[in-house]
Amino acid sequence: MSFDDHLLTLKYAFPKTLPILAGFAFLGIAYGVYMHSLGFQPIYAILMSILIFAGSMEFVAGSLLLGAFNPLSAFLLTLMINARHLFYGISMLDKFKGSGKKKVYLIYGMCDESFVINNTSRIPTNINKGWFMFYVTLLNQIYWVSGTTIGSLFGSMITFNTDGLEFVMTALFVVIFLDQWIKERNHISSVIGIAASVLCLMIFGTEHFIIPAMLIILIFLTFIKKFITKNEVISS
Amino acid sequence: MMTITQQIIIIASVVIGTLLTRFLPFMIFKPDKPTPSYIKYLGYVLPPAVFGLLVVYSLKNVSLTSLDGFVPELLAIGLIIVLHYWKRSMLLSIAGGTVFYMFLVQGVF
């Protein structure tokens, strides 16, 4: 591809990512300030945004670092939180085919937002599909890492009282939960998620409740599979 | 407090777990073969449960033994629900809920 073709592709990709720019600037800055308020140097938030690049998980990772040292639990929790990537991947098997070496980055950078754009955009024939998806993914990661960097550097300059700012993580998860709740035709999965977690929290305590809660959720959802058809629960 | 080495191990566990969820489908599934129905099913039903788990996880230190241990959380989540049903704006709901919570824990409780 020539330089002009790259420019054309980038010009086509950029407007599609503008809504993400707004969201990632806000959440990225919030994440940077949040990590600073937990007492971490800027490098933590910046590195995690580059290496993990999955917003929800990055918030949780900050809180995991403050708890007891339990890498297995951290690993399993990551698999569960990011399990949705498996399904993004399955949907993109075809679309990423034939994109060459870029494919590695397309998969590495496949966050919720890039998935939605790459999965739904109709790309004109004069635009290279592989490079379009590459630029969408790259732009989104640049927005996120920039937001995080600004937030974590700016965090040390903030002079107002940041007590309570850690609630931004709760707010984020409540909002995503509500979005799912609004879209669902039934609330079995949402309810079991809350109920199993509260039950395990009461039985096992704050440091040990995650793994049993995940097990109960998986077992329960597997058990009720025959009563639910895929059309009854809609989620993104 | 964890040592630097322990922190690196935790972050590495999260990075490896995330990479696995992204790369695994491309290693085990072929585009022309149908996806197993159990996997598809989990794709539909798992996310709501996981975010339920995360809501509880983010509230795990809430204490019911005193008013200031849970009322700010309760009120802020109430505001988020109202804001979100009203405007459906992720940014407004998150910012509104967080600022209100900070106001509550700093000025009221």
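## Helix packing and chain contact

Leaving aside neighbours within four places in sequence, A:Ile46 touches A:Val145, A:Thr148, A:Thr149 and A:Ser152. The model is predicted. A:Ile46 belongs to helix 2 of chain A. With 19 other C-beta atoms within 10 Å, A:Ile46 is partly exposed, because a residue counts as buried if 20 or more such atoms lie within that distance. Between A:Ile46 and A:Gly147 the separation is 101 residues in sequence and 9.3 Å in space, C-alpha to C-alpha.

The axes of helix 2 (residues 42–51) of chain A and helix 8 (residues 129–155) of chain A come within 9 Å, crossing at roughly 170°. The two helices, helix 2 and helix 8 of chain A, are therefore roughly antiparallel to each other. On the helix 2 side the contact involves A:Pro42, A:Ala45, A:Ile46, A:Ser49 and A:Ile50; on the helix 8 side, A:Trp144, A:Val145, A:Thr148, A:Thr149, A:Ser152 and A:Leu153. By class, the residues of this contact are seven nonpolar, four polar and no charged.

The other topic is the contact between chains. In chain B, 58 residues are in contact with 69 residues of chain A. The elements of chain B that each give two or more residues to the side touching chain A are tabulated here.

| Element of chain B | Residue range |
|---|---|
| helix 1 | residues 4–28 |
| helix 2 | residues 37–58 |
| helix 3 | residues 71–87 |
| helix 4 | residues 90–108 |

The side of chain B that touches chain A consists of 39 nonpolar, 16 polar and three charged residues.

Definitions and conventions:
Residues numbered from 1 in each chain as written. Chains lettered and ligands numbered in written order. Predicted model: local features only at pLDDT ≥ 70, side-chain atom pairs only at ≥ 80, totals over all residues. Axes fitted to C-alpha atoms, helices over the stretch in contact; angles between N-to-C directions. Helix = DSSP H or I, 4+ residues; strand = E, 2+ residues; numbered from the N terminus. Parallel < 35°, antiparallel > 145°, perpendicular 65-115°, else oblique. Contact = placed C-beta atoms within 7 Å. Nonpolar A, V, L, I, M, F, W, Y, C, P; charged D, E, K, R; others polar. Buried ≥ 20, exposed ≤ 12 C-beta atoms within 10 Å, placed from the backbone.
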